[in-house]
Amino acid sequence: MTRRIFSLLMLLAWSPFVLAEGPAGDPQAGYEHLINTPYLPRYFDQETFDNVWRVWPEPLKSQAEKATPEERRQMAFDRYGLTGRPEDPTKPLQYVVDKNGEWTLNCFSCHGGQMEGKTIPGLPNNRFDFAGITDEIRMTKAMLGKKLIPGDYSSLVFPLGENKGTTNAVNFGVALMSLRDADLNVVPGASFPKMLHHDMEPPPWWHFAKKENIYLDGFAPKGHRGLLQFTLVRENDAQAFRDREADFRDVYAYLSSLEAPKYPGKIDTAKAETGRIVFNRHCSECHGTYGDQADYPERMIPIDEIKTDRARFDSLTPAHRQGYGDSWFNSYGQQEGLIADPEGYVAPPLDGVWATAPYLHNGSVPTLWHLLHPDQRPKIWRWSGSSYDHQRMGIDAEALDEFPQGLSAMERREVFNTTRLGKSAAGHDYPNALTEEEKSAVLEYLKTL
């Protein structure tokens, strides 16, 4: 039973492995596959979602009781970090909902977010509460007398995410890959390795097109097969991956087609131009250049140089990476470019960086202003609503002196504590070389990317 519970945790398209390239696919078909095809076991039905408000705490429960069904749906969307689809706001982007009203989690749970009320597929979903919706759907099913599935117990036996918008995605992949052989057959009696649980913020999907290798440590050559990893549940046998390969050529094409959203506010063009010069002098060596002569170096920075939180770096061993490299996902080692023992982390492109708060790979820094001011990053901070901070560019956050007491589990996930394992906001202190005027100009320039 425990293995079946773990096997349902690989519900995210962003985990630690990826795969061999194939023929070009159809981007629009790729999007349709993601929102309409259930690649995982169904999770809950429409009746369950429509009644989830009944397990909410007061006064929210009473507010929901008095609301219309449409208002209650929006309250639930807001509570769990769900968004309507751009083409149909009544349907969740983050779930496949079939004609029978069965809901199945899809890749947009982490990779489909919202900025100032606008849903943006490919934007990191910084409000998704994986643990919260899992817990309250389980409670609602029990209240309605519905049968529970192994996935309903997942938050009780495996850390899903300590903060909204982050998940334990790397270890979802480690756990489920450990149950498979190189052909992706389930191995009887296989056990889970020791894991360093930690949270990660998903990257924006529009970076995919610029990269040759993906993931924070850049170990995996990108390709369409690896995108199938999020379907590594036990219910999917080895043949299921082969059968869906054509679908994921389309998904690969869809990811490759995405472009960063444009900043919607005002930009001081003269100041931004000054910032461009400063950026190109101090930042472009790692993060690349932009505009007519754009170039992305895909540079890996040694962990002892970047000095950001190293839990992600320590969580994957060379054996983990090589195991992926020898599997069907990497065409049994024929896909070139695998890095089994990377030095550190790869500096990401910064297209659309204004929209992707919070920052660093673990989501520990609430705004770009704080990223540019390493000594002023808050040790503990809390969301102050879902509005965007245009002055500091990022989350509207409140710095706290200590972690608040007496909070519910969901309220605790609104508070980020950088003193926790895997949560450090240290490192990337290169902005200390800039003057305050230069930092302000760079901040303005980042609006243009």
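In helix α19, the residues Glu438, Lys439, Ala441, Val442, Leu443, Glu444, Tyr445 and Leu446 are buried, where buried stands for under 20% relative accessible area, exposed for over 50% and partly exposed for anything in between, with a 1.4 Å probe and protein chains only. The helix spans residues 436-446 and is mostly covered, with eight of its 11 residues buried. Helices (H or I, at least four residues) and strands (E, at least two) are DSSP runs, numbered from the N terminus. The packing partners of the buried residues of α19 are α12 (269-282) and α17 (368-372), with contact taken as heavy atoms within 4.5 Å.

The model is predicted, so local features need pLDDT of at least 70 and side-chain atom pairs count only at pLDDT 80 or more, while totals for chains, interfaces and linings use all residues. Residues are numbered from 1 along each chain as its sequence is written, and side-chain values use heavy atoms, with hydrogens and water left out.

Salt bridges come next. A search of the whole structure turns up 22 of them, each being a side-chain nitrogen of Lys or Arg within 4 Å of a carboxyl oxygen of Asp or Glu. One of these pairs Glu102 with Arg42 at 3.6 Å, N to O. Because Glu102 sits in strand β5 (residues 102-105) and Arg42 in the loop between α2 (27-36) and β1 (44-45), the pair ties together parts that are 60 residues apart in sequence. Arg42 is partly exposed, at a relative accessible area of 38%.

Another salt bridge joins the side chains of Lys146 and Glu47 at 2.9 Å, N to O. Here Lys146 belongs to the loop between α7 (130-144) and α8 (154-157) and Glu47 to helix α3 (residues 46-51), so the pair ties together parts that are 99 residues apart in sequence. Both ends are partly exposed: Lys146 has a relative accessible area of 24%, and Glu47 has one of 43%. A further pair, Arg413 and Asp129, meets at 2.7 Å, N to O. This pair links distant parts of the chain, 284 residues apart, with Arg413 in the loop between α18 (409-412) and β14 (415-417) and Asp129 in the loop between β7 (118-121) and α7. Arg413 and Asp129 are both buried. Salt bridges with shared partners also bring Asp45, Glu47 and Lys146 into one network.

On a 1 Å grid over the protein atoms alone, a cavity is a set of points where a 1.4 Å probe fits but cannot get out, a pocket is an open set with protein on both sides within 12 Å along at least five of seven lines, and lining residues have an atom within 4 Å of a point. Grid points are joined across faces, edges and corners, and a volume is the space filled by probe spheres set on the points. The second largest pocket has a volume of about 440 Å³. Its lining holds 24 residues, of which Gln114, Asn126, Arg127, Trp383 and Ser386 are the closest to the centre. At least two lining residues come from each of α5 (69-80), β6 (112-115), β12 (380-389) and β13 (394-400), and β12 gives the largest share, four residues. By type, the lining has nine nonpolar, nine polar and six charged residues, where Ala, Val, Leu, Ile, Met, Phe, Trp, Tyr, Cys and Pro count as nonpolar, Asp, Glu, Lys and Arg as charged, and the others, Gly among them, as polar.

Most residues other than glycine have a negative phi, and most peptide bonds are trans. A cis peptide bond with omega of about 0° joins Ala357 and Pro358, and Pro358 is found in the loop between β11 (344-346) and α17. Another cis bond, with omega of about 5°, joins Glu58 and Pro59. Met393 has a positive phi, near 65°, and lies in the loop between β12 and β13, where its relative accessibility of 0% makes it buried.
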